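I set out to look up the salt bridges of this protein and the parts of the chain they join. My entries follow the structure.

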Amino acid sequence: CQHWNRKQLRQTYISAVRRLHNTSMDDSLKAIQKDRQKIMREGCEMKRSQFRTLSPNQWERVYKHIVVNDKHKALYCYVPKAGCSNWMKVLKTLDGHDAFPGCDSLVHSRDVKLLHTYSMEEKLHRLQTYYKFAFVREPMGRLLSAYMDKLHPNGSTNIYHRTIGKQIVKRYRPNHAAADVDVHGDDVTWSEFLQYVSELNRRDVNEHWAPYDDLCQPCVINYDFIGHYENLNDEANYVIRQIGGGGRVAYPPRQNHYHPSSQQTVEDMFRALSSTVRRRILAIYANSYDLFHYERPDFLTGIVKKKIAQLHS
């Protein structure tokens with residue numbers, strides 16, 4: 001009996017410590033979120049002409065990027081390369097499922113409910129009453145991650161080599177443009193990829209490197225929480241507690257073999273590009289920096305500042 005009491009006391013103590021930690025963490029994250037929401041509102045107000053009205057295609061895109069969990073009354077705007085696959089695992093586990101689709105197969109999964117499948121009345125009800133959240137990532141780090149995963153010669157997705165990779169090679173290598181030239185698309189360089197992205201029409205940008213405002217439209221949808229990939233574990237578990245999953249499921253920790261590119265690696269990769277490409281890239285992802293509480297990096301802004309200085313000299 002005495003042994004049982006000690007065990008019970010220890011479990012009670014551990015539970016109390018966890019509750020205290022979570023309470024302290026929640027207070028801290030609420031303050032951080034308040035700052036992010038303030039920056040978001042101010043940025044949306046400054047750029048209101050861009051977001052005043054959305055086209056039907058823009059609405060359809062965001063509806064197709066919002067995962068619905070009716071059981072926990074939650075809407076998750078998924079952003080590939082920002083913890084998306086693990087979020088799918090969490091949401092499916094909360095629904096009592098073991099298997100879950102990765103983000104690439106999300107659109108083909110019958111088990112996942114996307115907002116675009118609901119009637120307009122049902123969409124509006126969920127947008128007005130459900131807990132809405134999204135997770136984003138430092139934009140250039142995400143861009144590099146997308147290249148390494150989808151188009152780098154050692155990347156894991158051959159379908160991207162056969163489709164987008166072939167397009168890039170044919171566009172930027174004159175000796176590969178002829179129809180009869182056999183192109184595999186599995187050797188796209190970083191500079192070719194960035195040149196390709198910098199010249200795309202915003203409507204044609206693949207979801208793995210599309211700007212966050214295109215995917216989630218935060219100036220027209222009032223999200224309750226915008227999380228950062230850089231603090232993923234704490235912020236994701238906070239959201240899980242908010243939607244009623246605390247104690248039942250936790251956000252999966254990163255695998256030991258996972259090593260994201262360092263900020264220095266990202267900087268070095270971008271500094272090797274032409275100033276023209278860097279200016280175009282900054283223009284595409286300006287809202288991803290300004291609205292989502294990320295500071296524009298010097299290796300992009302320095303080029304712009306230098307150009308402005310030359311114009312005024």
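The entries below record what I looked up, pair by pair.

Entry on the whole. I worked from a predicted model. I searched the whole structure and found 14 salt bridges. Side chains of opposite charge can pair when their charged atoms come close.

Entry on K81 and D149. I found the side chains of these two residues joined in a salt bridge, at 3.3 Å from N to O. I then located the partners: K81 is in the loop between β2 (74-77) and α4 (84-94), and D149 is in helix α6 (residues 139-150). The pair is 68 residues apart and links distant parts of the chain.

Entry on R173 and D187. I noted a salt bridge here, with 3.1 Å between the closest N and O atoms. Both R173 and D187 lie in the loop between α7 (158-172) and α8 (190-198), so the pair ties together parts 14 residues apart in sequence. Is R173 buried or exposed? R173 has a relative accessible area of 14% and counts as buried because the cut-off is under 20%. D187, at 36% relative accessibility, is partly exposed.

Entry on R280 and E199. I recorded a salt bridge whose closest N and O atoms are 3.5 Å apart. R280 belongs to helix α12 (residues 275-290), while E199 sits in the loop between α8 and α9 (212-216), so parts 81 residues apart in sequence are tied together. I read a relative accessible area of 37% for R280, which is partly exposed. For E199 the value is 37%, and E199 is partly exposed.

Entry on a network. I found K47, D290 and R296 linked by a network of salt bridges.

Note on methods
Residues numbered from 1 in each chain as written. Predicted model: local features only at pLDDT ≥ 70, side-chain atom pairs only at ≥ 80, totals over all residues. Heavy atoms only, no water. Salt bridge = Lys/Arg side-chain N within 4 Å of Asp/Glu carboxyl O. Helix = DSSP H or I, 4+ residues; strand = E, 2+ residues; numbered from the N terminus. Buried < 20%, exposed > 50% of the residue type's maximum accessible area, 1.4 Å probe, protein only.
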